[in-house]
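Subject: Structure for you to look at

Hello,

Here is the structure I said I would pass on. Please open it next to this email and follow along.

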Amino acid sequence: MKYSTKSKKSVQEVVDSIVRNSKKRDFGVMNICDVHNMLHSKGASFTGDCQVLDISNPHHVLNLLSTSMDMSMILPSKVFIHSENGETVISMIKAKQFYRKFTDKLDNVADEVEKEMIAIIDSSK
């Protein structure tokens, strides 16, 4: 259900690499949530380094929404980057299993999104 890998880079270095590598594959990072800073600003104590990136490709989004507007509930794709035991962990939910919760008509789109997202992650670690 998920794809996960590790990196020797810092969380911020991985985030910066994903931003760059997304553009090379016609994807874009729409939002970056720095969980540590967001929680700290709300008075919550969180010591971990964790960022969540919202990533999408406009052509894939159009295909998804043309099939079912319900797909908007799971857009955009998310990549989770956090530190754990001195390493940086990069994870995402695999598209195919997630999309199938809504429809099985999008297997080819899900396969393509999953392949591209894994390539972005692997080239960024």
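This is a predicted model: local features need pLDDT of at least 70, side-chain atom pairs count only at pLDDT 80 or more; totals for chains, interfaces and linings use all residues.

Residues are numbered from 1 along each chain as its sequence is written, and side-chain values use heavy atoms, with hydrogens and water left out.

Start with strand β3, residues 50–56. Helices (H or I, at least four residues) and strands (E, at least two) are DSSP runs, numbered from the N terminus. Seven of the seven residues of β3 are buried, so the strand is largely enclosed by the rest of the structure. Buried means under 20% relative accessible area, exposed means over 50%, and partly exposed is in between (1.4 Å probe, protein chains only). In a regular strand, side chains alternate between the two faces of the sheet. In β3 both faces are covered: Cys50, Val52, Asp54 and Ser56 are buried on one side, and Gln51, Leu53 and Ile55 on the other.

What does β3 pair with? Strand β2 (residues 28–34) pairs with β3 in the antiparallel sense over six bridges, and Val29 stands opposite Ile55. Two strands pair if DSSP finds at least two bridges between them. Strand β4 (residues 77–84) also runs antiparallel to β3, joined to it by six bridges; there, Lys78 is the bridge partner of Asp54.

Next, helix α5, which covers residues 107–122. The expected span of a helix is 1.5 Å times one less than its number of residues. For the 16 residues of α5 this gives 22 Å, and the end C-alpha atoms are 22 Å apart, which agrees. Buried residues in α5 include Val109, Val113, Met117 and Ile121.

Asn21 lies in helix α1 (residues 11–24) and, at 10% relative accessibility, counts as buried. Its side chain makes a polar contact of 2.9 Å with that of Ser124. A polar contact is a pair of N or O atoms within 3.5 Å; within protein, one must be able to donate a hydrogen and the other to accept it, and residues adjacent in sequence count only if both atoms are side-chain atoms.

Ser4, in strand β1 (residues 2–7), is partly exposed, with a relative accessible area of 34%. The side chains of Ser4 and Ser91 are joined by a polar contact of 2.9 Å. Ser4 and Ile93 are 89 residues apart in sequence, yet 8.8 Å apart in space, C-alpha to C-alpha.

On a 1 Å grid over the protein atoms alone, a cavity is a set of points where a 1.4 Å probe fits but cannot get out, and a pocket is an open set with protein on both sides within 12 Å along at least five of seven lines; lining residues have an atom within 4 Å of a point. Grid points are joined across faces, edges and corners, and a volume is the space filled by probe spheres set on the points. The whole structure has one cavity of 30 Å³ or more, and the largest cavity holds about 50 Å³. Helix α3 (58–67) and β3 are the elements that give two or more residues to its lining. The largest pocket has a volume of about 210 Å³. Of its 13 lining residues, the closest to its centre are Ile74, Pro76, Ser77, Lys78 and Phe98.

Regards
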